[in-house]
Amino acid sequence: QLQFVESGGGLVQPGGSLRLSCAASGFSLGDYIVGWFRQAPGKEREGVSCISNLAAATHYADSVKGRFRISRDNAKNTAYLDLNSLKPEDTATYYCAAMNKWKPFSTCVRGDNMNYWGKGTLVTVSS
């Protein structure tokens, strides 16, 4: 059974940090580009970050550049998103998704070309 499961969300104070994980099962994550997306209540989904299948390329949205870091461990079939210097406006449900490695990396951040999606993990930044 194919699964893509996020974990690591929670409540954190402004300025704090979290590590989100995304574990794949039923398929080899190394064959896929991974993207992280978020959606806040009442807002459209936003592409946060993408990483190529062998981690040679990464992309960050301007809103998170310098604060978030994407990584992956293909041996563990898991991808990660480190969230640092969190702000209240980072509050959202965060989703990971996977896109076949043969698709153009530049399309990852749009989110409309993904093959698999997780169900999301909620991050709340509040004092």
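Y80 touches R19, L20, S21, W36, R69, I70, S71, R72 and D73, leaving aside residues up to four places away in sequence. The model is predicted.

**Y80**

- Y80 is located in strand β8.
- With a relative accessibility of 14%, Y80 counts as buried, because the limit for that class is under 20%.
- Y80 and G8 are separated by 72 residues in sequence, while their C-alpha atoms are 9.6 Å apart in space.

- Four strands form an open sheet in the order β1-β3-β8-β7, and the pairing is antiparallel.
- At the edges of this sheet are β1 (3–7) and β7, each of which pairs on one side only.
- On average, neighbouring strands of the sheet are turned by 15 degrees against each other, direction ignored.
- In general, the strands of a sheet pair through backbone hydrogen bonds, in either a parallel or an antiparallel manner.
- Strand β7 is joined to strand β8 (residues 78–83) by six bridges, and the two run antiparallel.
- D73 has T78 in β8 as its bridge partner.

**S71**

- S71 belongs to strand β7, which covers residues 68–73.
- The relative accessible area of S71 is 12%, so this residue is buried.
- Apart from residues up to four places away in sequence, S71 is in contact with R19, I51, A79 and Y80.

- Because D82 is in strand β8 and R19 in strand β3 (residues 18–25), the pair ties together parts that are 63 residues apart in sequence.
- Strands β3 and β8 are next to each other in the order of the open sheet.
- D82 is buried at 14% relative accessibility, whereas R19 is partly exposed, with a relative accessible area of 42%.

- R38 and D90 meet through their side chains in a salt bridge of 2.9 Å, N to O.
- R38 is in strand β4 (residues 32–39) and D90 in the loop between β8 and β9 (92–100), so this pair ties together parts that are 52 residues apart in sequence.
- R38 is buried, with a relative accessible area of 7%.
- D90 is also buried, and its relative accessible area is 0%.
- A network of salt bridges links R38, E46, R67 and D90.

**Other salt bridges**

- The salt bridges in the model come to a count of seven.
- One of them joins the side chains of D62 and K65, at 3.1 Å from N to O.
- D62 is exposed, with a relative accessible area of 66%, because the exposed class begins over 50%.

Conventions. Residues numbered from 1 in each chain as written. Predicted model: local features only at pLDDT ≥ 70, side-chain atom pairs only at ≥ 80, totals over all residues. Heavy atoms only, no water. Buried < 20%, exposed > 50% of the residue type's maximum accessible area, 1.4 Å probe, protein only. Contact = heavy atoms within 4.5 Å. Pairing = 2+ DSSP bridges. Axes fitted to C-alpha atoms, helices over the stretch in contact; angles between N-to-C directions. Salt bridge = Lys/Arg side-chain N within 4 Å of Asp/Glu carboxyl O.
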